[in-house]
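Take a moment with the sequence and the 3D view. Then read on, and keep the view open.

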Amino acid sequence: VDARPEAPTLAFPAGFRWGTATAAYQIEGAATEDGRTPSIWDTFSRTPGRVRNGDTGDIAADHYHRMDEDIALLAELGVSDYRFSIAWPRVQPTGRGPAVQKGLDFYRRLTDALRAAGIRPVATLYHWDLPQELEDAGGWPHRDTAARFAEYAHLTADALGDRVATWTTLNEPWCAAFLGYGSGVHAPGRTEPAAALRAAHHFNLAHGLAVRALRAALPAAAEISLTLNLHAVRPASGDPDDLDAARRIDALGNRIFLDPVFHGRLPDDLVADTAALTDWSFVHDGDLATAHAPIDSLGINYYAPTVVAAGTSPTPSPWPGTEDRVRFLPAPGPRTAMDWPVDAEGLYELLTRLRDDLPGVPLVITENGAAYDDYADPSGDVHDPERVAYLHAHLAAVHRALADGADVRGYFLWSLLDNFEWAYGYGKRFGIVHVDFATQRRTPKDSARWYARVIARGGLTG
Ligand code: GBH
């Protein structure tokens with residue numbers, strides 16, 4: 001019998017990185033252990049009415065105590081890489097001062113165990129868990145938070161620099177700025193459009209300052225990156241007003257980060273569009289040059305496209321200044337349990353756009369995946385055929401983008417485990433491994449077996 005995996009019809013390049021992704025607050029639990037103090041997500045989730053069902057990350061998937069079991073799951077999948085985030089409130093609880101050894105020790109054990117299993121650790125420094133004390137001092141709309149972040153980056157790199165292969169400064173600053181300070185559906189739950197724009201700038205500044213701190217602290221071979229949730233924006237029609245709506249959302253969703261980080265400038269149209277909210281005087285001389293620090297790759301999180309037309313949208317909005325001009329349309333076709341459309345074409349559009357706009361920048365899909373309800377059969381097997389179909393379609397889109405010249409180096413599936421899905425709590429399951437939150441029992445779903453086969457054969461069949 002030939003035991004070799006069947007040859008893929010859509011083969012990915014040799015050396016392509018296959019991974020899964022998680023984030024600290026969504027899986028770790030152990031919210032008060034070993035010196036950890038509250039982050040804005042602890043405060044937010046403990047505030048009645050903010051998170052569905054009153055769920056919090058107090059226990060989550062208990063990964064803090066089940067790390068070895070979770071690394072065994074990764075090894076079984078055969079991933080080359082694992083993307084996790086480091087909890088700032090574990091490492092530097094007040095956001096100032098020296099690092100807490102016990103907090104660092106957890107990530108030392110995690111990265112040592114990953115490396116022992118032959119898995120590259122890919123660490124994100126900020127996946128939304130700002131120490132509450134820094135929010136109390138003003139949070140991301142306050143300029144000093146950027147400097148505090150660079151200091152945290154430095155002391156973390158000093159401690160873990162020999163263990164982590166890839167360092168990502170920020171995860172999705174768009175969400176952190178505009179859902180956190182604009183629409184208020186994420187922590188800290190503020191609804192201040194001008195403050196959200198300030199926060200976005202301070203994320204760019206924090207990123208640039210952190211890149212400088214990381215370069216100083218890390219070995220030359222370390223890869224430094226930034227992850228953005230770029231929006232695949234589509235106008236509903238070729239009507240000039242619809243095109244203008246798409247331009248505005250592209251400026252506020254994409255170019256607000258891409259232009260400072262890759263070109264050292266702010267988009268002129270963004271500044272003009274938001275003139276009624278701010279004069280952008282919080283952008284100091286030199287800030288854009290700081291944000292423009294060279295990085296080694298760009299991480300992209302993609303779930304679904306954004307379709308817009310001329311019109312109006314409700315306030316508070318995560319899109320400051322567009323409420324009387326832009327309407328968001330439900331895209332046609334099937335939906336996930338989040339009610340997000342399944343549309344792999346949007347990922348192809350995004351990757352080929354970045355191929356054209358950012359020549360020479362290696363791209364990594366740092367998140368892609370879908371929430372669906374699982375079906376357990378009487379034997380306990382967990383079936384998730386829609387997730388397999390979603391993942392297959394999106395990997396096929398990545399393959400097509402590669403064939404058309406996009407420099408995509410890797411793919412991280414969101415997520416390894418069912419976890420705390422932010423404002424939705426535990427009601428939405430993104431994992432390829434089912435978690436029974438009452439017992440913390442892990443059960444790989446059909447999608448996990450499917451992904452292991454994709455990795456083993458280096459691509460898709462059919
Ligand atoms: C990611 O966020 C997170 O990094 C991850 O922690 C999370 O669990 C995962 O995705 C699944 O949600 O805001 O009106 O424009 C993705 C968040 C969701 C942000 C869709 C943009 C579009 C609707 N993205 N959202 S809107």
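This is a predicted model: local features need pLDDT of at least 70, side-chain atom pairs count only at pLDDT 80 or more; totals for chains, interfaces and linings use all residues.

Residues are numbered from 1 along each chain as its sequence is written, and side-chain values use heavy atoms, with hydrogens and water left out.

Start with strand E6, residues 223-228. Helices (H or I, at least four residues) and strands (E, at least two) are DSSP runs, numbered from the N terminus. Is E6 buried or exposed? Six of its six residues are buried, so E6 is largely enclosed by the rest of the structure. Buried means under 20% relative accessible area, exposed means over 50%, and partly exposed lies in between (1.4 Å probe, protein chains only).

In a regular strand the side chains alternate between the two faces of the sheet. Now look at E6. Glu223, Ser225 and Thr227 point one way. Ile224, Leu226 and Leu228 point the other way.

Which strands pair with E6? Strand E5 (residues 166-171) pairs with E6 in the parallel sense, over four bridges. Here Thr168 has Ser225 as its bridge partner. Strand E8 (residues 297-301) also runs parallel to E6, joined by four bridges. There Leu226 stands opposite Leu298. Two strands pair if DSSP finds at least two bridges between them.

Next, find the largest pocket. It holds about 1300 Å³ of space. Of its 43 lining residues, the closest to the centre are Trp174, Leu179, His231, Trp340 and Tyr424. A pocket is an open set of points on a 1 Å grid over the protein atoms alone, where a 1.4 Å probe fits, with protein on both sides within 12 Å along at least five of seven lines; lining residues have an atom within 4 Å of a point. The volume is the space filled by probe spheres set on the points, which are joined across faces, edges and corners. Helix H8 gives the most to this lining, with three residues.

Now turn to Asp269, in helix H11 (residues 268-273). Why does Asp269 count as buried? Its relative accessibility is 18%. The side chains of Asp269 and Arg255 are joined by a polar contact of 2.8 Å. Such a contact is a pair of N or O atoms within 3.5 Å; within protein, one must be able to donate a hydrogen and the other to accept it, and residues adjacent in sequence count only if both atoms are side-chain atoms.

Finally, Asp357 lies in helix H13 (residues 345-357). Asp357 is partly exposed, with a relative accessible area of 40%.
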